[in-house]
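Dear colleague,

Please find below the structure that I am handing over to you. I would be grateful if you could look through it before reading my notes.

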Amino acid sequence: MGDPCLPMVVDGYISASRADDNDFKDLVEEVFDEYIANEIPIRLIHITNDTQGLNFKLVDRTFIKEYFKSVPNEIYSEFRNERLIDAESRIRERVKAILRYAIFSHRWLSSEPSYQDMSTEPMKFQAEFEPKWQKLYEFCRKAMDDHGCEFAWSDTCCIDKTKSAELDESIRSMFRWYRNSHICIAHLSETTDLAALERQQQSERGDGIKVDIWFTRGWTLQELLAPSQIKFYGKDWKPLVPLYHSKNDRFSDTIMRKISNITHIHPNDLKSFKPGTDRVPEKMLWASKRRTTRIEDIAYCLIGIFDVSLMIAYGEGNRAFFRLMEEIMKRYDKWDVFFWSGQCSHYNAALPYAPRCYPVGYRETPVKRRREAGNEEELNTASCETGDRLFALTNHGLRIKVLFLPVDLQHTRDESRDSRYLTFKHAEIDHDVVVRHIGAKREPHTTWAIAILDYWINGSGTGFIDSRTKPFTAFLLSMDGLHASPDARWKKEMTERVIEIRPARHYVNTLVQLYL
């Protein structure tokens, strides 16, 4: 006879019904406890209803664990006779389906209920007496009536912002909390209906129509992308797409097509977004027209989108965005992270000041297989590396290999104290390079150069450029040619637009390693 304590293996599956019951019960309990401790918000609003209307109170994870204490036994009973391959994942999915909560996405008003306004004892909504409660009341009412959720979360009142550790955990976990929600209720306070949303698309064409403020705030970007289910409500709290059509607008082409046009986010990302350190310029573009009240939040609101970890430190100012870029560059190795223009970071001139430095319209070029290449440009892209993939931030600045072209300054046209047009010439470039230079005016004896970033690398490791449909991208560099010290380095200059280069002919040269 076999050991009765060992699970029975049938065709590679483990039968939970024949496994050690105690072990399986323990596993269910552990997954249940871990989910509550790590995957749901620190506090939730518990919504109840009686003859006099909605009641609500603030509850913590201990309350949730007690409230759903029968769930582990229910899941155990459900799975004990099933053959499970990945028991933990199946258990976690069931826990998530049962521990349902709605989550709120909105634009803060000047007065909102705070954590200090809430109670751990049941309270009646005073919407008719206290205007600041009206929005929270409508959110909770929709959560319960439209989506069957008796638990809800709002960033206005469910975080004790006087506790730095709690605020830190909340910000770093927020993408995950939105993703794990049963439904995200998004309130577009300046949009009455779908026709109004349709008209807002015209603002991207410069027709002077105002976009709903929800689309202009930093935090609502991850609130749009993270949830698996989202429902949009208009100014009067009517759903923009009727509930009888869908309780989840994520897969509604009617509304998602309009939102894609407003936000520049591809419909595929709106339907199913996967966070990660990829497509950096494209994701930065999504945030480029958004603003946050605290300057640090433009970095913190992107933590989940790029799936990086960042210490929260209010008061650091724009250093937060520099630290975000540092974390991204530890895991991202494509040259297009430098496809930006405008103001540079205070902490490294080769990095941008903010997401708004990334231009509209950039999309990563698809790479075809060599056998599918139809011309020399496609063949080069398919068979050669593009740009330096080993760049890194060091204590000497950004270390990067470039295709280096010294250029001659042909003409200067001053525009103001802080900007001027510069015209450069190089024999290998078949056009004048005209840039709008931003910042202090350089001395007449300044030496200039163009550093091409997205060159191709041939089999011998040298860089080359050639004629192609899409221009090459470059930095403008300068160095004091008269007072250069022995350890002088090239400096990256700020320009209004990304510098584009079209070579006159095939040009090949040894790559130069710079510290910028």
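Predicted model: local features only at pLDDT ≥ 70, side-chain atom pairs only at ≥ 80, totals over all residues.

Residues are numbered from 1 along each chain as its sequence is written, and side-chain values use heavy atoms, with hydrogens and water left out.

Strand β10 spans residues 230-233 (strands are DSSP runs of E with at least two residues, and helices runs of H or I with at least four, numbered from the N terminus). β10 runs parallel to strand β9 (residues 183-187), and four bridges join them (strands pair if DSSP finds at least two bridges between them). In this pairing, F232 has A186 opposite it.

F232 is also among the residues with the most contacts inside the largest nonpolar core, together with I45, M284 and F338. That core has 128 residues (a core is a set of buried Ala, Val, Leu, Ile, Met, Phe, Trp, Tyr and Cys residues joined through side-chain atoms within 4.5 Å). Helix α14 (residues 319-331) gives the largest share of this core, seven residues. Another core lies apart from it, with 23 residues, including L405 and V433.

Yours sincerely

Technical notes
Buried < 20%, exposed > 50% of the residue type's maximum accessible area, 1.4 Å probe, protein only.
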